[in-house]
Amino acid sequence: MGLLGLAAIALYGLVALPLGFWTGFLVRQSVVPNPLTLGLDLLRRFIAPALVEETIFRVVLLPHPTEGVPEGRWLLWGGISLVAFIFYHVALDQTLYRGTGAGLSEPRFLVLAGWLGLVLSGVYWLTGALWLVVLIHWVVVLVWVYGLGGWARLVQTGQAEKGA
C-alpha cells in the first residue's frame with residue numbers, strides 16, 4: 001500500500017503542479033512556523049480536512065470494494081461523491097469562510113480539489129483503506145500550505161489558524 005500511496009501522490013502532482021503553477025494558484029513559498037504552532041497545525045490538518053473529508057466522501061459515500069458492488073454502480077457512486085466533494089468546498093466558502101476570501105470556490109482551487117478527489121476515489125477503490133486516502137490527502141494539504149502558497153492565502157484571509 002505504501003507504493004500505491006506514493007504513486008497516487010506522484011500522479012496527483014504530475015497534473016496538479018503544472019496546472020497550479022500555470023494558472024498562478026500555486027506559488028513557491030516555504031513556511032516554517034514555530035514548533036508548537038507547527039505541531040498543532042499538523043494535527044489540526046490531519047483531522048480536518050483529511051480525516052473528516054475522507055471519512056465522508058470516500059468511506060461513507062462509496063461502497064467498500066469488498067462489498068461486490070458492480071463496477072458501473074461503483075463508478076456512479078464515485079461520480080456522485082466527487083461532485084459532492086467539489087460542491088462541499090463551494091458551500092464551505094459560502095458559509096464557514098464567507099467573506100474571508102479563502103478561495104475555496106475559486107475555479108483553480110476546485111479543479112485541483114476535484115483532481116485530488118478523483119485520485120483518492122481511485123485509491124479507495126483499489127484498497128478500501130481509509131488511512132491511506134487520509135494520509136495522501138494530508139500530505140497534499142501540507143505541501144500546499146507549507147510549500148506552495150497555501151499559508152499566505154490562509155493568513156491573508158485569517159484562516160491559517162482555523163485550517164482550510
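How many aromatic pairs does the count come to? I counted nine aromatic pairs, taking rings of Phe, Tyr and Trp (its six-membered ring) with centres within 6.5 Å; planes under 30 degrees apart are stacked, over 60 edge-to-face and the rest tilted.

The model is predicted: local features need pLDDT of at least 70 and side-chain atom pairs pLDDT 80 or more, while totals for chains, interfaces and linings use all residues. Residues are numbered from 1 along each chain as its sequence is written, and side-chain values use heavy atoms, without hydrogens and water.

I looked up Trp74 and Trp125: their ring centres lie 5.3 Å apart with planes at 15°, so I recorded the pair as stacked. Trp74 belongs to helix H3 and Trp125 to helix H4, 51 residues apart (helices are DSSP runs of H or I, at least four residues, numbered from the N terminus). Trp74 is buried at 3% relative accessible area, whereas Trp125 is partly exposed at 33% (buried is under 20%, exposed over 50%, partly exposed in between; 1.4 Å probe, protein chains only).

I next examined Phe109 and Trp144, whose ring centres are 6.3 Å apart with planes at 55°, so this pair is tilted. Phe109 in helix H4 and Trp144 in helix H5 are 35 residues apart, and both are buried. Ring pairs join Phe25, Phe109 and Trp144 into a cluster.

I then noted that the charged end of Arg58 sits over the ring of Phe85, 4.7 Å from its centre (the criterion is NZ of Lys or CZ of Arg within 6 Å of the ring centre and within 35 degrees of the ring normal). The charged end of Arg28 sits over the ring of Phe21, at 4.8 Å.

Note on methods
Helices (H or I, at least four residues) and strands (E, at least two) are DSSP runs, numbered from the N terminus.
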